[in-house]
Structure formats: structure tokens, C-alpha cells
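I opened this model to look up a handful of residues and the elements around them. The entries below follow the order in which I went through it.

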Amino acid sequence: MRPVIRPAHASPAGWRRAEPPQRPVLFVNPASGGGTAHRVGLVDRARELGIATRELRRGDDLAALAAEAVADGADALGVAGGDGSLSVVAAVAHAHEIPFVCIPAGTRNHFALDIGVDRHDPLGALQAFTDGVERTIDLGSVNGRLFLNNVSLGIYGEAVHQPEYRDAKVRTLLATARDVLGPGAAPAPELAVSDDEGREHRRPALVLVSNNPYALEPPAPGTRPVLDSGRLGVLIVDEPEPGCPPARAWDAVSLRVDAPANVHAGADGEAVDLEPPLGFRIVPKALRVRVAARHAAGASTAPPAV
């Protein structure tokens with residue numbers, strides 16, 4: 001994997017002071033994280049701070065609601081929910097070039113971890129709207145669909161239990177993938193992708209494409225040390241084949257995946273169908289992200305690459 005020298009958010013200098021938005025809107029998924037928002041009184045606290053709050057109901061079209069909020073004058077959008085909800089609203093914030101705020105109220109809160117937000121302090125995260133700092137980060141795109149975290153293709157199946165997967169590096173790759181995969185991944189027919197060394201992979205057990213590479217070494221594998229490197233992370237795990245390495249990880253600005261039929265995938269944890277060929281690309285400096293000023297000195301737990 002090509003080294004990434006500069007950590008995106010390990011230094012407070014990476015953030016800049018931002019004036020509070022005048023008409024922020026926060027979308028709250030009351031079901032996320034086993035009811036985290038209700039448990040901590042998030043809606044009441046947000047309203048005390050002057051943040052317009054919309055609780056989501058089953059069947060709501062979140063993308064349409066976010067676009068409607070912007071049309072009504074919203075100048076910042078936030079989400080308290082899982083990574084799938086975050087991705088939807090982030091795409092709307094990107095389209096309208098307004099700040100995006102992540103409130104950690106989901107189950108795993110991968111994005112909150114990588115941006116440096118304290119995942120155990122959803123109420124404190126609301127200060128992003130009132131006492132916030134801002135920076136820009138990259139987004140990933142597959143066939144025009146934006147993603148914050150990753151897109152997964154394929155499944156492990158029985159392959160990952162074979163002796164060929166006892167190598168320490170491969171175990172690390174698998175552990176990383178298990179940690180960051182969403183539930184939407186499903187078998188994909190005859191996927192074909194070439195890696196950075198020109199080797200073609202067919203019918204891999206797993207392809208994971210991420211918005212910036214994941215760390216694969218301790219102390220924090222499965223997190224992203226940077227979110228503005230301008231690179232996708234690519235991780236492939238093959239079914240065992242004599243004479244071939246079972247896994248490969250690298251980074252790139254784009255990637256093409258071919259398949260003879262639509263591909264079932266997990267995009268930020270949501271099940272989607274993608275029409276081949278799958279065109280992945282990085283969208284650099286695409287999203288204005290705002291966090292509470294007191295969180296800005298924090299960072300992803302992933303170490304910077306060296």
C-alpha cells in the first residue's frame with residue numbers, strides 16, 4: 001500500500017473555526033443504536049440549542065427530506081443515526097456545499113470514530129452546531145453513488161476457513177474486513193478486478209473498497225488514519241488457489257470491477273444492487289465536516305501511516 005504521510009485529523013491545525021449555522025437541521029433515527037437518541041434525551045437537548053430536529057419514521061425518504069430542508073433554508077445538516085443514514089445526508093450536504101455534522105447515535109459509529117468524534121458523547125457532539133470547527137474530507141463514489149465508509153462485494157464463504165488463510169497478514173485483513181463490513185454483502189457472480197500488480201482476481205471471496213485506506217496494523221486496525229488522502233483503499237480476499245497469495249491490499253484513485261450481471265453489494269452498511277461495470281473513484285475534498293471544538297483535538301485512533 002502506498003504510504004500516506006500526513007494524518008488528516010491528528011493535528012488541531014487541520015480544523016478551522018466555523019461560525020455557527022443560522023438554520024441547522026438534525027435528522028434523528030430513534031431506532032438506531034438500540035434507541036440511543038431517546039435514551040440520552042438527544043432531541044430535547046438539540047431543540048434547547050435551537051437546532052431544528054426531525055425524527056424519522058419508518059418509510060421516510062431521508063434523501064428527499066434532506067433536500068427539502070435545504071430548499072427551506074437549512075445551512076447545515078446533521079444526522080443522529082447509523083452509517084447508512086449518515087451517507088444519505090452527507091450526499092445532500094455535498095451537493096449543496098453546506099456543512100455536515102455526525103452525531104454518534106448508531107450501533108458501531110465507524111464514521112464518527114474516524115473523524116475523531118467521541119462515540120460515547122452524542123450530546124457533546126451537538127456542540128458542532130454551536131461551537132464547531134470544520135474541515136473538508138474525501139468521499140468515495142461507485143457508479144455515481146457516494147459513500148462515506150466503504151462498499152463491500154462478495155462473501156467469505158468457506159474459503160476463509162482454509163489453511164491458506166492462517167498467514168498473519170491475511171488474518172489481519174480478514175479481521176479488518178469483518179469489523180468494517182456492513183450487513184448488505186452478498187454473493188457476487190464472477191467478479192473480475194485487477195490489482196495494482198496487474199494480477200486479475202476472479203470470483204474473490206471479498207472485495208472491500210473504502211473512502212481512504214484502512215489501517216491494517218495495530219494499535220487500531222480497521223480505522224482510517226486519514227480521510228483526505230485522495231485515495232481509495234482496496235482490499236481483496238481470494239478463494240484459495242495454489243501458488244497465489246490469498247489477499248491483497250493497495251490504494252488507488254479509481255477501480256473498475258466487471259461482472260456479467262448486477263452485483264449485490266453493501267454500501268455503508270446498506271444493501272444495494274449495482275449495475276456492471278462498477279466504476280469506483282475518489283472524490284477529493286468533497287464534504288465539509290463540522291465537529292464540536294472540544295472534539296477537534298481528538299483524532300481517529302488509527303496511527304498515521306509511515
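**Entry 1: one serine and its strand**

In which strand is the place of Ser210? I found Ser210 in strand β11, which spans residues 206-211; helices (H or I, at least four residues) and strands (E, at least two) are DSSP runs, numbered from the N terminus. I note that this is a predicted model, in which local features need pLDDT of at least 70 and side-chain atom pairs count only at pLDDT 80 or more, while totals for chains, interfaces and linings use all residues. Residues are numbered from 1 along each chain as its sequence is written, and side-chain values use heavy atoms, with hydrogens and water left out.

I looked up the accessibility next, and Ser210 counts as buried because its relative accessibility is 2%; buried means under 20% relative accessible area, exposed over 50%, and partly exposed in between, with a 1.4 Å probe and protein chains only. Setting aside residues up to four places away in sequence, I list Phe147, Asn149, Asn150, Arg231, Leu232 and Gly233 as what Ser210 touches, a contact being heavy atoms within 4.5 Å.

The side chain of Ser210 also reaches the backbone oxygen of Asn212 at 2.8 Å. I took this as a polar contact, that is, a pair of N or O atoms within 3.5 Å, where within protein one must be able to donate a hydrogen and the other to accept it, and residues adjacent in sequence count only if both atoms are side-chain atoms. Asn212 itself lies in the loop between β11 and β12 (232-237), and its phi is near 75 degrees, a positive value in a residue other than glycine. With a relative accessible area of 0%, Asn212 is buried.

**Entry 2: the sheet**

I then traced the sheet, an open one in which 6 strands follow the order β13-β12-β11-β8-β15-β16 with antiparallel pairing; two strands pair if DSSP finds at least two bridges between them. Its edge strands are β13 (247-252) and β16 (270-274), each of which pairs on one side only. From one strand to the next the twist averages 20 degrees, with axes as lines fitted to C-alpha atoms, for helices over the stretch in contact, and angles running from 0 to 180 degrees between N-to-C directions.

For the neighbour of β11 I checked strand β8 (residues 150-153), which is joined to β11 by 4 bridges, the two running antiparallel. Ser152 stands opposite Leu208 in β11.

**Entry 3: around β16**

Which residues is Glu270 in contact with, leaving aside its neighbours within four places in sequence? I found Gly84 and Ala265. Glu270 lies in strand β16 and is partly exposed, with a relative accessible area of 40%. The C-alpha atoms of Glu270 and Asp83 are separated by 8.7 Å, although the two residues are 187 residues apart along the chain.

Asp268, in the loop between β15 (263-267) and β16, has a positive phi of about 50 degrees although it is not a glycine. I recorded Asp268 as buried, with a relative accessible area of 5%. In the loop between β16 and β17 (278-292) I came to Pro277, and the peptide bond to it from Pro276 is cis, with omega near -5 degrees.

**Entry 4: helix α3**

In helix α3 (residues 62-71) I marked Leu62, Leu65, Ala66, Ala69 and Val70 as buried. Seen down the axis of α3, its buried residues fall within an arc of 140 degrees, so they line one face of the helix; the arc is that of the directions from the helix axis to the C-beta atoms. Their cover includes β2 (24-28), β3 (52-55), β4 (76-81) and α4 (83-96).

At the start of α3, I found a side-chain oxygen of Asp61 within 3.3 Å of the backbone nitrogen of Ala63. Just after α3, Gly73 takes a positive phi of about 110 degrees.

**Entry 5: the whole chain and its confidence**

The mean pLDDT is 84, and 78% of the residues reach 70 or more, pLDDT being the predictor's confidence in each residue, from 0 to 100. Over residues 156-162 the pLDDT is below 50, and this stretch has 14 contacts in the model beyond near neighbours in sequence.
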